[in-house]
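Please walk through this model with the structure open beside the text.

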Amino acid sequence: MTESLTAVSLFCSGGIGDIALHAAGAQTIVANEILSERAALFETNFPAATLIKGDIWKVRDQIVSTTTDRLNGRELDIVFATPPCQGMSKNGRGKLLQGVRAGLKPELDVRNQLVLPMLDVVVALLPKVLVVENVPEMEQTIVRSADGRYIGLLELIEETLAPLGYLGRSAVVEFADYGVPQRRQRLITLFSRVLNVQAALLANRWLPEPSHARRPSLLEKPWITVEQTIGHLPALDAGKPETAVSDIPLHRVPLLDESKYFWVSNTPPGGGAFDNQCVNPECGYDGNPTHGNLRSKEGINQASKTTPVRCGKCGTLLPRPWVVRGGEHRLMSGFTSAYKRMRGDLPASALTRNLSYACSDQKLHPTQHRVLSLHEACLIHTIDQDHYVWRRSDGGRVSDKLIREVIGESIPPLGLEVIFSHILRVVQMDTMRAAA
C-alpha cells in the first residue's frame with residue numbers, strides 16, 4: 001500500500017483547504033495559523049497534524065524544524081499556502097509601480113509581504129509541489145523583496161524558486177466548473193520540481209478539465225444550482241423569532257428589522273431591492289426608474305443619486321433601501337447588488353465573510369425572506385458537516401461570526417479536492433517510479 005503524501009499547510013485558518021488535501025490523498029503533517037480561534041478549529045479536525053501557532057515571520061524556523069522531524073528522512077510532497085488576500089487590489093500593481101517610477105515610496109500592505117517567510121519555508125523544505133491559492137488580484141500584487149526591490153508577487157516566487165529547479169504556472173479557476181454550487185474565482189499557482197508535473201505544466205495540462213459548465217457540452221454537466229443544493233431544507237423567515245429557526249443545527253437566520261423586512265419581502269426572485277416598484281394596492285405603478293451606476297466625468301463608476309425612493313405616481317414609499325435624514329427618506333448609498341436575491345437556477349455568488357448580512361452582495365435567499373443560514377452556507381461551500389465539526393480544541397465558543405469568517409476566507413473543498421487529486425496523482429506516479 002502506498003504511503004500517504006505529506007503536506008505542510010501555511011495560513012491554514014480552520015483547515016477547510018486541508019479537507020481537500022486529505023480527500024485527495026495527502027496528510028497534513030504540519031500547519032501554521034496565527035489566529036487562535038481558527039487554530040483551535042483546525043486542531044479539532046486534524047489532530048494528527050502538528051499545529052504551530054503564531055506569526056509566520058516568527059515561527060518559520062520552527063515550521064521547518066518540526067516538518068523535518070516529522071518527515072524522518074522522507075521528502076516533503078506539498079506545501080499548500082493561502083496567504084491573506086485582503087491587501088490585494090485589482091489596480092494595486094499599476095498604482096504602486098506608478099508611485100515607484102514617480103520617485104515616491106508607496107505604502108505596501110504588510111499582509112502581502114507574507115509571501116517572503118512563506119518562500120523561506122519552501123526553500124528550506126524543498127517540497128515536490130507548491131500550491132498557492134488566492135484571489136485573482138494576486139496577479140497584480142506588488143511586494144518588496146528582501147533586497148528592497150519592488151516586484152510582482154508571482155515574479156518573486158518564480159525568481160526565488162526557478163534556480164532551485166522549479167517550474168510554475170498560474171491560472172484563474174471558476175470553482176462552479178468543478179461541481180461546486182458557488183461561483184467563486186480564485187488564482188491557483190503551481191510550482192514543482194517533479195519532471196512529470198513540469199511536463200504537465202509545459203503542456204498546459206496541470207489543471208483538471210472542467211466537469212461542469214453554465215452551457216455544458218457533451219463532456220460537461222450543467223452547473224449545480226442553489227435550488228438543487230438547499231431547496232430541500234425547511235423554510236425559514238426572518239420576520240419573527242419562531243420562524244427564523246429550525247431543528248437542524250446551524251439552520252437559523254438573523255431577524256430583519258421592520259424596514260429591512262419590508263424591502264426584502266417585496267424583492268422578486270433574482271431581483272434587487274433597489275429596483276422594487278410600488279406596492280400600494282391602490283396604485284401598483286411599475287414604471288419608477290430603477291437603480292444603476294453612472295460614470296462620472298473622471299471615469300469612475302458611481303451609484304446613481306437620482307433614483308427615487310417614492311413612487312412617481314402616488315408618492316408612497318417604495319420598498320427600496322432607505323435612510324432617514326432630516327425627517328426625509330433618501331435612497332441608501334451602496335452597490336446595486338446589495339439587498340439582492342441570488343438566483344435559484346444558478347450556483348450561488350461567492351460566499352463572503354458577510355454572508356449573513358442582507359446588505360452584502362447577492363446574499364438573499366432566492367425566494368424566502370431572509371439571508372442564507374450557516375447550514376446552507378456549509379452545503380453551498382461543500383463542507384461535509386458529518387466529518388468537519390465546528391468545535392474548538394480549547395473549549396472556546398464557536399460563534400456565528402467565526403463560522404462566517406472561516407467560510408468566507410476559504411475555498412470550497414470539493415473543487416479544491418478535484419484540483420489536488422489531479423496534481424497529486426502525477427506526483428504519486430513519480431514517487432512510485434522512484435521507489436521501483
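This is a predicted model: local features need pLDDT of at least 70, side-chain atom pairs count only at pLDDT 80 or more; totals for chains, interfaces and linings use all residues.

Residues are numbered from 1 along each chain as its sequence is written, and side-chain values use heavy atoms, with hydrogens and water left out.

Begin with the sheet. An open sheet of 7 strands runs in the order β3-β2-β1-β4-β5-β10-β8, and its pairing is mixed. At its edges stand β3 (50–53) and β8 (167–174), each with a single partner strand, so one side of each has no neighbour in the sheet. On average, neighbouring strands are turned by 20° against each other, direction ignored. Helices (H or I, at least four residues) and strands (E, at least two) are DSSP runs, numbered from the N terminus. Two strands pair if DSSP finds at least two bridges between them. Strands of a sheet pair through backbone hydrogen bonds, either parallel or antiparallel.

Now follow some of the pairings. Strand β2 (residues 26–33) runs parallel to β3, and 4 bridges join them. Here Val30 stands opposite Thr50 in β3. Strand β1 (residues 5–10) is joined to β4 by 4 bridges, again in parallel. Val8 faces Val79 of β4 there. β4 also pairs with β5 in the parallel sense, over 4 bridges. In that pairing Phe80 stands opposite Val131 in β5.

Which way do the side chains of strand β4 (residues 78–81) point? Ile78 and Phe80 point one way, and Val79 and Ala81 the other way. All are buried, meaning under 20% relative accessible area with a 1.4 Å probe, protein chains only; exposed is over 50%, and partly exposed lies in between.

Helices lie across the strands. α6 lies across β5 (129–134), β8 and β10 (185–192), at about 10° to β10. Axes are lines fitted to C-alpha atoms, for helices over the stretch in contact, and angles run from 0 to 180 degrees between N-to-C directions. Contact means heavy atoms within 4.5 Å.

Turn to α6 and its helix partner. Helix α5 (residues 115–125) and helix α6 (residues 153–161) pack at an angle of about 25°, with axes 11 Å apart. They are therefore roughly parallel; angles under 35 degrees count as such, over 145 as roughly antiparallel, 65 to 115 as roughly perpendicular and the rest as oblique. From α5, Val115, Leu116, Met118, Leu119, Val122 and Val123 meet Leu153, Leu156, Ile157, Thr160 and Leu161 of α6. This contact holds 10 nonpolar residues, 1 polar and no charged. Ala, Val, Leu, Ile, Met, Phe, Trp, Tyr, Cys and Pro count as nonpolar, Asp, Glu, Lys and Arg as charged, and the others, Gly among them, as polar.

Finish with α11. In helix α11 (residues 400–408), 7 of the 9 residues are buried, so the rest of the structure largely encloses this helix. Its buried residues pack against α1 (16–23), α2 and α10 (374–380). The axes of α2 and α11 come within 11 Å and cross at roughly 80°. The two are therefore roughly perpendicular to each other. Glu37, Arg38 and Leu41 in α2 meet Leu402, Glu405 and Val406 in α11. By class, that contact has 3 nonpolar, no polar and 3 charged residues.
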